[in-house]
Amino acid sequence: MDHTDQPTALLPGDVRMPLLGFGTWQATGQAGYDAVLAALDTGYRHLDTATMYGNEREVGRAVRESGLRREDVFITTKLPPDRVGRERATLEASLEALGVDQVDLWLIHWPPSSAADSIPLWRELLAARDENLVRAVGVSNYSTAEIDELIQSTEENPAVNQIRWSPSLYDRQRHAEHRDRGVVLEGYSPFKTSDLSDPVLTRIAGAHGVSPAQVVLRWHIDHEIVVIPKSVTPERITANFDVFHFSLTAEEMRDIDALGEV
């Protein structure tokens with residue numbers, strides 16, 4: 001599939017974020033580099049890393065050696081919340097490790113332990129965006145109340161909130177709260193929190209001739225929720241990307257949603 005055909009979420013500033021990304025947590029060293037290169041060769045055009053993952057250098061090298069144009073790969077990295085007061089130095093280290101002048105999305109990885117640090121930290125991300133060091137800024141692992149605090153203090157919405165998400169964690173209200181605030185919901189650990197042997201998932205997978213894991217990814221995409229599966233296994237990397245040839249019916253979506261409402 002050509003990267004221009006992949007579904008995207010629209011972020012502020014006319015930034016397009018592919019709904020399917022490649023997660024790189026725990027993918028370090030040569031194995032991490034090989035996995036990212038395999039993902040890019042497969043067709044992924046969205047990579048998710050973080051300062052805490054310790055693999056930005058490998059991610060950057062894979063992007064360079066993939067032969068792809070920098071503007072065709074969406075790169076997210078994340079700021080550890082304990083870097084209050086060292087935000088700019090942390091970002092510059094990320095840019096240097098990745099070998100890029102700008103990342104597409106910079107997130108606060110977790111809410112800072114001191115609530116008093118929350119707004120100053122967010123203002124530093126906004127400043128980096130305004131200086132074009134990053135194209136869009138957001139948060140990760142934030143509650144709706146924590147997001148509202150940022151919006152009320154700065155009148156700037158996080159572009160994205162990256163949280164643990166899967167059918168069994170589906171929360172209709174939380175999904176709506178993000179949508180109402182113009183915050184794109186991005187889910188991580190889609191399989192870790194899913195029972196891939198659940199009869200609902202296996203039935204729907206059988207109807208489409210795909211695996212339950214592919215159903216879980218397609219469910220995110222059909223909800224316009226960004227999803228970032230991770231794997232270092234070439235076969236699984238390929239299978240996780242092979243979700244664009246089918247879509248779920250409204251009834252199937254409702255049945256999967258219900259897994260989180262039990």
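This is a predicted model: local features need pLDDT of at least 70, side-chain atom pairs count only at pLDDT 80 or more; totals for chains, interfaces and linings use all residues.
**Entry 1: helix α10**

I started with α10, which covers residues 250-257. I wanted to know which of its residues are buried. They turned out to be E252, M253, I256 and D257. Looking down the axis of α10, I found these buried residues within an arc of 140°, so they line one face of the helix. I then turned to the face pointing away from the buried side, and there I found the exposed residues A250, E251 and R254.

Next I asked what the buried residues of α10 pack against. My list has three helices: α6 (172-180), α7 (199-208) and α8 (212-222).

**Entry 2: α7 against α10**

Two packed helices are described by the angle between their axes and the distance between the axes, and I looked up both. The axes of α7 and α10 come within 10 Å and cross at roughly 155°. An angle over 145 degrees counts as roughly antiparallel, and α7 and α10 are therefore roughly antiparallel to each other. I noted the crossing of α7 and α10 as left-handed.

For the contact itself, I wrote down V200, L201, R203, I204, A207 and H208 on the α7 side, and E252, D255 and I256 on the α10 side. Sorted by class, the contact of α7 with α10 comes to five nonpolar, one polar and three charged residues.

**Entry 3: α3 against α4**

My next pair was α3 (residues 87-98) and α4 (residues 118-130). Their axes come within 10 Å and cross at roughly 45°. That makes α3 oblique to α4. Is the crossing of α3 and α4 left-handed or right-handed? I found it to be right-handed.

I also looked up who meets whom: E87, R88 and L91 in α3 meet L121, E124, A127 and A128 in α4. I sorted the residues of this contact into four nonpolar, no polar and three charged.

While in α3 I checked E92, which also sits in this helix. E92 is partly exposed, at 45% relative accessible area. I took one distance from E92 as well: E156 is 64 residues away in sequence and 23 Å away in space, C-alpha to C-alpha.

**Entry 4: H109**

H109 belongs to the loop between β6 (103-108) and α4. Is H109 buried or exposed? Its relative accessible area is 7%, and the cut-off for buried is under 20%, so H109 counts as buried. I then asked what H109 is in contact with, leaving aside neighbours within four places in sequence. The answer is A50, M52, Y53, K78, L79, P80, P81, S140 and N141.

**Entry 5: two glutamates with positive phi**

Most residues other than glycine have a negative phi, so I noted two exceptions for a closer look. E155 has a phi near 60°, a positive value. I located E155 in the loop between α5 (144-154) and β8 (160-164), and at 72% relative accessibility E155 counts as exposed.

E224 is the other one I wrote down, with a positive phi near 60°. Where does E224 lie? I found E224 in the loop between α8 and β10 (226-227). E224 counts as exposed, at 62% relative accessibility.

How values were computed:
Residues are numbered from 1 along each chain as its sequence is written. Side-chain values use heavy atoms; hydrogens and water are left out. Buried means under 20% relative accessible area, exposed over 50%, partly exposed in between (1.4 Å probe, protein chains only). Helices (H or I, at least four residues) and strands (E, at least two) are DSSP runs, numbered from the N terminus. The arc is that of the directions from the helix axis to the C-beta atoms. Contact means heavy atoms within 4.5 Å. Axes are lines fitted to C-alpha atoms, for helices over the stretch in contact, and angles run from 0 to 180 degrees between N-to-C directions. Angles under 35 degrees count as roughly parallel, over 145 as roughly antiparallel, 65 to 115 as roughly perpendicular and the rest as oblique. A crossing is left-handed if the near helix is turned anticlockwise from the far one by less than a right angle, and right-handed if clockwise. Ala, Val, Leu, Ile, Met, Phe, Trp, Tyr, Cys and Pro count as nonpolar, Asp, Glu, Lys and Arg as charged, and the others, Gly among them, as polar.
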